[in-house]
Amino acid sequence: MIKRHSTLALVMIAMFAALTAIGAFIKIPLPIVPFTLQIVFVFLAGCLLGSRNGLYSQLVYIGVGLVGLPVFTQGGGITYIVQPTFGYLIGFALAAYVIGMIVERIERPTKRHFIGATILGLFIVYAIAVPYLYIALNFWLDMKTSWSHVFVVGFVSSIIADFGLAISAGLLAEKLYKVFHSARRVSISQGEGETMI
């Protein structure tokens with residue numbers, strides 16, 4: 001069976017895909033891996049859209065970039081998959097899904113739940129991104145790099161700031177959750193919700 005998305009869900013997916021793209025350009029240049037605000041919108045997508053739509057928002061973002069639109073930190077196009085930072089994008093999609101799945105399982109999520117989910121999502125991103133960074137540098141780009149150097153540039157250089165963003169996003173999500181949840185209920189009551197076809 002295929003689920004048809006409501007108009008509201010499609011708008012939210014598109015909005016968070018666009019916000020993630022905007023976050024790519026709010027950055028601090030660092031060697032190899034720039035620091036950006038993309039991850040904030042990944043956290044919020046998972047918390048506010050749920051597992052499936054949060055995942056879709058990031059897949060839309062990745063798909064738009066891979067077809068050629070310059071929405072990634074260093075452009076776009078199918079060859080971006082060999083960029084050292086592409087692993088972060090894969091991590092974004094998986095993190096949004098897992099965060100959403102955690103929040104969905106709790107009837108009345110609190111600050112603790114949101115922050116716990118975003119912190120877990122953060123480590124999911126790094127669990128995918130750091131090995132991908134190592135493989136891309138050493139095997140695809142022939143830039144021989146040690147694991148220790150990859151760990152520093154891919155994890156140590158940004159983990160403290162990202163940890164702070166995870167907590168901040170969790171707190172913000174807790175404030176916005178009721179609004180998003182209420183909007184979804186209204187759309188369903190008006191017959192605009194997801195239906196099985």
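**Exercise 1. Relative direction of helix 2 and helix 3**

Task: Determine how helix 2 and helix 3 are oriented to each other in this predicted model.

Solution. 
- Two packed helices are described by the angle between their axes and by the distance between those axes.
- Helix 2 covers residues 38-66 and helix 3 covers residues 86-104; they pack at an angle of about 150 degrees, and their axes lie 8 Å apart.
- Angles over 145 degrees count as roughly antiparallel.
- Helix 2 and helix 3 are therefore roughly antiparallel to each other.
- Their crossing is left-handed.
- The contact of helix 2 with helix 3 comprises 20 nonpolar, 7 polar and 2 charged residues.

**Exercise 2. Relative direction of helix 1 and helix 2**

Task: Classify the packing of helix 1 and helix 2 from the angle between them.

Solution. 
- Helix 1 and helix 2 pack at an angle of about 135 degrees, with 9 Å between their axes.
- Angles over 145 degrees would count as roughly antiparallel, and 65 to 115 degrees as roughly perpendicular; the rest, once those under 35 degrees are set aside as roughly parallel, are oblique.
- Helix 1 is therefore oblique to helix 2.
- The crossing of helix 1 and helix 2 is left-handed.
- In the contact of helix 1 with helix 2 there are 17 nonpolar and 6 polar residues, and no charged residues.

**Exercise 3. The largest cavity**

Task: Describe the volume of the largest cavity, and identify which elements and residue classes make up its lining.

Solution. 
- Rolling a probe the size of a water molecule over the atoms shows where empty space is left.
- The structure holds 1 cavity of 30 Å³ or more, and the largest cavity has a volume of about 250 Å³.
- Its lining consists of 18 residues, of which Pro34, Thr36, Gln38, Tyr88 and Phe92 lie nearest the centre.
- At least two lining residues come from each of strand 3 (35-36), helix 2, helix 3, helix 4 (111-140) and helix 5 (147-189).
- By class, the lining has 12 nonpolar, 5 polar and 1 charged residues.

Technical notes. Residues are numbered from 1 along each chain as its sequence is written. This is a predicted model: local features need pLDDT of at least 70, side-chain atom pairs count only at pLDDT 80 or more; totals for chains, interfaces and linings use all residues. Side-chain values use heavy atoms; hydrogens and water are left out. Axes are lines fitted to C-alpha atoms, for helices over the stretch in contact, and angles run from 0 to 180 degrees between N-to-C directions. Helices (H or I, at least four residues) and strands (E, at least two) are DSSP runs, numbered from the N terminus. A crossing is left-handed if the near helix is turned anticlockwise from the far one by less than a right angle, and right-handed if clockwise. Ala, Val, Leu, Ile, Met, Phe, Trp, Tyr, Cys and Pro count as nonpolar, Asp, Glu, Lys and Arg as charged, and the others, Gly among them, as polar. On a 1 Å grid over the protein atoms alone, a cavity is a set of points where a 1.4 Å probe fits but cannot get out, and a pocket is an open set with protein on both sides within 12 Å along at least five of seven lines; lining residues have an atom within 4 Å of a point. Grid points are joined across faces, edges and corners, and a volume is the space filled by probe spheres set on the points.
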